[in-house]
Amino acid sequence: MVAKRKIPSWLFATTVVASLATVIGPLIVFGVSERGLQLAARYTVRVSFPLFLLAYLTGPFVALWRTNLTRWLQKHRRYIGLSFAIAHTIHLGALTGYFVFIGVSPDAATLIGGGLAYALMFAMAATSNDWSVKKLGANWRRLHSVGLHYLWFIFLITYMGRLSGGEGDDTTEELVVVGIVGSALVFGALLIRLIGILKRRRRAAAA
């Protein structure tokens with residue numbers, strides 16, 4: 001008999017609370033205003049992005065370091081990914097609220113590129129179950145691999161876009177720092193992933 005997966009409900013609850021806090025906090029300080037909604041949209045990513053990095057790096061972490069922590073991450077990777085989807089959906093809501101409030105529509109490239117990212121994310125979330133893994137087979141791996149790397153690309157261009165400087169009431173220096181840190185984390189995640197792949201290949205060759 002196959003052991004039933006234990007769902008870490010605390011992870012989902014923490015994600016929801018943290019994401020809502022990053023929405024409610026700016027609205028309390030600045031009210032339902034352009035600034036409050038802008039910061040709510042921006043801060044919600046600071047909850048979803050670390051969860052994305054964990055999901056993206058779980059495989060490489062397991063390949064590079066066999067510890068209790070990496071084994072826990074491997075066992076709960078599905079739920080980390082779902083937590084990211086929850087947090088990023090809340091970010092989408094905050095971002096949509098901001099654009100509706102200021103009466104501006106994002107450009108076509110943003111709508112198409114970002115829309116595809118969300119479509120892939122929702123498809124990945126909908127198929128994050130044993131039934132889908134069994135029914136889709138190799139296509140399940142293709143979907144999740146393409147989706148994961150496309151989201152990585154979207155985070156990359158988003159943070160690199162911050163390197164250009166000021167936006168709204170923010171200082172150029174603040175956004176540049178965000179861009180540098182975010183871009184470094186995105187590139188670092190890719191580097192760790194490549195190192196993990198090389199290590200797995202060496203182990204396979206040695207075996």
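1. Let's start with helix α2, whose 31 residues should span 45 Å at 1.5 Å a residue; the C-alpha atoms at its ends are 45 Å apart, which agrees. The expected span of a helix is taken as 1.5 Å times one less than its number of residues. Helices here are DSSP runs (H or I, at least four residues; strands are E, at least two), numbered from the N terminus.

2. A word on what you are looking at: this is a predicted model, in which local features need pLDDT of at least 70 and side-chain atom pairs count only at pLDDT 80 or more, while totals for chains, interfaces and linings use all residues. Residues are numbered from 1 along each chain as its sequence is written, and side-chain values use heavy atoms, with hydrogens and water left out.

3. Where does α2 bend? The bend is at Leu57 and comes to about 50 degrees, with a proline, Pro60, following within four residues. The angle is the one between axes fitted to the seven residues ending at a position and the seven starting there.

4. Helix α2 is largely enclosed by the rest of the structure, because 25 of its 31 residues are buried. Buried means under 20% relative accessible area, exposed over 50%, and partly exposed in between (1.4 Å probe, protein chains only).

5. Setting aside neighbours within four places in sequence, Ala40 is in contact (heavy atoms within 4.5 Å) with Thr22, Val23, Pro26 and Ala94.

6. Arg35 also belongs to α2, and it counts as buried with a relative accessible area of 18%. Arg35 and Tyr98 are 63 residues apart in sequence, yet 8.8 Å apart from C-alpha to C-alpha. Beyond its neighbours within four places, Ala63 is in contact with Gly196, Lys199, Arg200 and Arg203.

7. Now to the open spaces. The largest pocket has a volume of about 1,100 Å³. Of its 34 lining residues, His91, Leu95, Phe99, Thr110 and Thr158 are the closest to the centre. Helices α2 (34-64), α4 (77-102), α5 (108-126) and α7 (138-161) each give two or more residues to this lining. By class, the lining has 19 nonpolar, ten polar and five charged residues. Ala, Val, Leu, Ile, Met, Phe, Trp, Tyr, Cys and Pro count as nonpolar, Asp, Glu, Lys and Arg as charged, and the others, Gly among them, as polar.

8. How is a pocket defined? On a 1 Å grid over the protein atoms alone, a pocket is an open set of points where a 1.4 Å probe fits, with protein on both sides within 12 Å along at least five of seven lines; lining residues have an atom within 4 Å of a point. Grid points are joined across faces, edges and corners, and the volume is the space filled by probe spheres set on the points.

9. His91, from the lining of the largest pocket, lies in helix α4 and counts as buried at 10% relative accessibility. Not counting residues up to four places away in sequence, His91 touches Ala41, Thr44, Val45 and Tyr118.

10. The second largest pocket holds about 920 Å³ of space. Among its 32 lining residues, Ala55, Arg77, Trp140, Arg141 and His144 are the closest to the centre. Which helix gives the most to this lining? It is α2, with seven residues. The classes here are 15 nonpolar, eight polar and nine charged residues.
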